[in-house]
Amino acid sequence: MESILQKWDGEEVIVRFDRPTGAWIFIAIHSTRLGPAAGGTRMKSYPDPKTAILDALNLARGMTYKFAVINFPYGGGKAVIDVPHNLEPQMRENLLRRYGALVHQLGGLFETGPDVGTSSIDMDIVSETGSPYVFCRTPEKGGAGDSGPITAWGVFCGMQAVCEYLFGDASLKDKRILVQGAGSVGRALIQLLKEAGAEILFSDVDPERIRHFGDDPDLQFVSADAVYDTACDIFSPCALGAILNRKTIPRLRCQAVAGAANNQLAEPNDAEKLRTANILYAPDYVISIGGAMGITGIESMGWSPEKAYQEVRTVADTLKQIFHMAANERITTEDAARRIAESRLSGVNGEP
Ligand code: PHE
């Protein structure tokens, strides 16, 4: 544990053991350089607390880069709640309330929204004690609701940028797109792709979602183990991280990877593997900015939903800039994005 923290380049970690449930809460504050640290609350069962804390540290760093690359006045943080299996609903709710109180105690150092394992309804509960530091409450409770649809919108615009760059035409019509994960982002993305006339393949491991989408004649189901071997124009990971790794990259039969999952690369060197395989990678923290950007814009900067969708659209320009920079300098798109983010974090190229 000590060496993990020593190696991390962030500011601090708040640790709480929740005795009534046996859950571990880790809030990682990676950077407050550009503003208060914001990031989702991920809730799931990890093999051990060490894995949970590592996830929090890496995800918090991702949030810093996410906001920095678009020059947005927020810093990066993330909360991970490592819960025991089969936590009863009432116990879970009370845990969320105690977690909200902890967020409130931090007095604005950290602001949060939903992430894997939490929803807008959960944010309503967290905000009972955590207000005003909680984003994405349901509209009934005065929030902007689920961040999935606007995140999907950003990914969709990012895919258009990919097509424009690769094929000289931004249209997704008849493009073959494989969406991995039909959760809150994947589901909304599938809808947008349908409207755009794309050929859609999807994969999921949840039997209920498979049943739901399996009946849709416009979609082709791909089993979880066939995902990496299936030919497509764009592979769109919208589930969990680390799916681009030593084992999967050589199998990929796509021209580009563009999806919303956080921390898609298992190791930094995987970006180079994608580049040499001639696969265009849209850096995850850039293309997945829609939720964090759109919702914080609406809830804390007074944007209308229309304005939020317009602003999120600019992710396409940012990606195009990154693709060109990477090609010109013969570096990975990940390195190009990092350069832009780091120049903002050091205050060279924009207001800190
Ligand atoms: N899951 C979102 C993300 O990773 C979390 C988020 C939503 C953060 C809304 C802030 C506001 O970007």
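Start by selecting V315: at 1% relative accessibility, this residue counts as buried. Keep in mind throughout that you're looking at a predicted model.

**Stop 1: around V315**

Colour residues 315-329 and you have helix 12, the element that V315 belongs to. Now show what V315 touches. Setting aside neighbours within four places in sequence, its contacts are G154, C157 and G158, plus V286, I287 and I289.

**Stop 2: the enclosed space**

Next, go looking for cavities. How many are there of 30 Å³ or more? The count comes to one. The largest cavity holds about 40 Å³ of space. To find it, select L59, G62, M63, K66, N262, N263, D284 and Y285, the residues that line it.

Which element gives the most to this lining? That's helix 2, with four residues. If you colour the lining by class instead, you'll get three nonpolar, three polar and two charged residues.

**Stop 3: the second largest pocket**

Now for an open site. The second largest pocket has a volume of about 710 Å³. Its lining runs to 26 residues; centre your view on N58, R61, N263, L265 and A266, which lie nearest the middle of the pocket. Strand 3 (37-44), helix 2, helix 9 and helix 13 (333-345) are the elements giving two or more residues to that lining. Helix 2 has the largest share here, at eight residues. By class, the pocket lining splits into eleven nonpolar, seven polar and eight charged residues.

While you're here, highlight N263: this residue is among those lining the largest cavity, and it is also one of those nearest the centre of the second largest pocket.

**Stop 4: T138 in its loop**

Last, move to the loop between helix 4 (120-130) and helix 5 (148-167), and select T138. Buried or exposed? With 9% relative accessibility, T138 falls under the 20% limit, so it counts as buried.

Show side chains and look for D124: a 2.7 Å polar contact links its side chain to that of T138. D124 also turns up in the list of T138's contacts beyond four places in sequence, along with S120, I121, G143 and G145.

Technical notes. Residues are numbered from 1 along each chain as its sequence is written. This is a predicted model: local features need pLDDT of at least 70, side-chain atom pairs count only at pLDDT 80 or more; totals for chains, interfaces and linings use all residues. Side-chain values use heavy atoms; hydrogens and water are left out. Buried means under 20% relative accessible area, exposed over 50%, partly exposed in between (1.4 Å probe, protein chains only). Contact means heavy atoms within 4.5 Å. On a 1 Å grid over the protein atoms alone, a cavity is a set of points where a 1.4 Å probe fits but cannot get out, and a pocket is an open set with protein on both sides within 12 Å along at least five of seven lines; lining residues have an atom within 4 Å of a point. Grid points are joined across faces, edges and corners, and a volume is the space filled by probe spheres set on the points. Ala, Val, Leu, Ile, Met, Phe, Trp, Tyr, Cys and Pro count as nonpolar, Asp, Glu, Lys and Arg as charged, and the others, Gly among them, as polar. A polar contact is a pair of N or O atoms within 3.5 Å; within protein, one must be able to donate a hydrogen and the other to accept it, and residues adjacent in sequence count only if both atoms are side-chain atoms.
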